[in-house]
Amino acid sequence: MRAAIVEAPGKVSVTTVPDPTPGPRDVVVSVASCGLCGTDLHILQGEFAPTLPIVPGHEFAGEIVGIGRDVTELAIGDRVAVDPSLHCHECRYCRVGRGNLCERWAAIGVTVAGGAAEYAVAPVANCVKLPEHIDVKDAALIEPLSCAVRGYDVLNSTLGAEVLIYGSGTMGLMMLELAKRTGAAGVDVLDVNPDRLATASLLGCSRSAAAADELDRPGGWDVVIDATGNAAAIQDGLGRVAKGGTFLQFGVADYAARAVIEPYRIYNQEITITGSMAVLHSYERAAALFAAGVLDPAVFISDRLPLDQYPQAIDRFKAGIGRKIVVEP
């Protein structure tokens, strides 16, 4: 089969590799679409993936074309979206229901071969069957949506909150859509990319700007979400949180990124700083929200490229062109 391979830091290609073989409780998915994500850029930089080479791609969906001998829940021909999370179910974090913090955390497309290929293997327990009205080529959006759902689980948002989101890429836009549905009184979005910012306006953000100083809110925002992973944006966002407010680090920063906090202000103003890591009990809910139409795939997916153009897709993503970019084997 054809697959994208991150061979070494900074080096990605598309080549022929052996077809995957399912284990007893696995399925083989003929990949219909696979989304690119900031995590893929980190893997290309030599971060996150413990070993290289690796077939990337943790956002994917497709049709089951093979099943292991003990699989009874799904059948060949079923269309599924795949939760990439692989937890050990044995460590202290798994035992208390915090599998996203698993001491042996692993993921399809990060630690084992992923969906940037013609075929991918996944545990049957990680597959969510798609309803008939869903186009399987759009369902790669479910995984990033499940991360956004987890973010809002962490926030425990209160009704009437004023929200500020840094970044209007795919994840920032998803956080915008969820903020609108979780009782926010207003949702402002910042981005230096005017095309992406225009999409945030199209989706109904309250205000949009290139910088927070362009917006009139001297007391700050109740909820500030970083969806960029950019150190400068994070630093700025920490200073925009209102008294009693919350800062959510949602974007994936480089290992080396640093920000300065003001301990007295955090104490005196009862500011919460928290993070949100990947997927936790949120994939099925994201699939249900997606099936209910919470996202418009025509807005979110800007580029569909063939698998053989995976290196070019990575270059477009790195350059900040478009929104969600997917490859279709």
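**View 1. Contacts of Leu280.** Leaving aside neighbours within four places in sequence, Leu280 is in contact (heavy atoms within 4.5 Å) with Gly97, Arg98, Gly99, Asn100, Arg150, Asp153 and Arg285. This is a predicted model, in which local features need pLDDT of at least 70 and side-chain atom pairs count only at pLDDT 80 or more, while totals for chains, interfaces and linings use all residues. Residues are numbered from 1 along each chain as its sequence is written, and side-chain values use heavy atoms, with hydrogens and water left out. Leu280 sits in the loop between β15 (272-275) and α8. Helices (H or I, at least four residues) and strands (E, at least two) are DSSP runs, numbered from the N terminus. With a relative accessible area of 7%, Leu280 is buried. Buried means under 20% relative accessible area, exposed over 50%, partly exposed in between (1.4 Å probe, protein chains only). Asp213 is 67 residues from Leu280 in sequence and 35 Å from it in space, C-alpha to C-alpha.

**View 2. The second largest pocket.** A pocket is an open set of points on a 1 Å grid over the protein atoms alone, with protein on both sides within 12 Å along at least five of seven lines; lining residues have an atom within 4 Å of a point. This one holds about 360 Å³ of space. Its lining has 20 residues, with Asp83, Ser85, His87, His89 and His281 nearest the centre. Two or more lining residues come from each of β6 (85-86), β9 (127-129) and α8 (283-291).

**View 3. The largest cavity.** In a cavity, a 1.4 Å probe fits but cannot get out. The structure holds one cavity of 30 Å³ or more. The volume of the largest cavity is about 30 Å³, the space filled by probe spheres set on grid points joined across faces, edges and corners. Its lining residues are Ser157, Thr158, Ala161, Val163, Thr182, Gly183, Ala184 and Val223.

View 4. Arg196, Leu197, Thr199 and Ala200 are the buried residues of α5 (residues 194-202). They share one side of α5, because they cover an arc of only 150 degrees around the axis, taken from the directions from the helix axis to the C-beta atoms. Their cover includes α4 (170-181), β11 (186-190), β12 (207-209) and α9 (297-300). The face turned away from the buried side carries the exposed residues Pro194, Asp195 and Leu202.

**View 5. The ends of α5.** At the start of α5, a side-chain oxygen of Asn193 comes to within 3.0 Å of the backbone nitrogen of Asp195. Just after the helix, Gly204 has a positive phi of about 95 degrees.

Methods:
A polar contact is a pair of N or O atoms within 3.5 Å; within protein, one must be able to donate a hydrogen and the other to accept it, and residues adjacent in sequence count only if both atoms are side-chain atoms.
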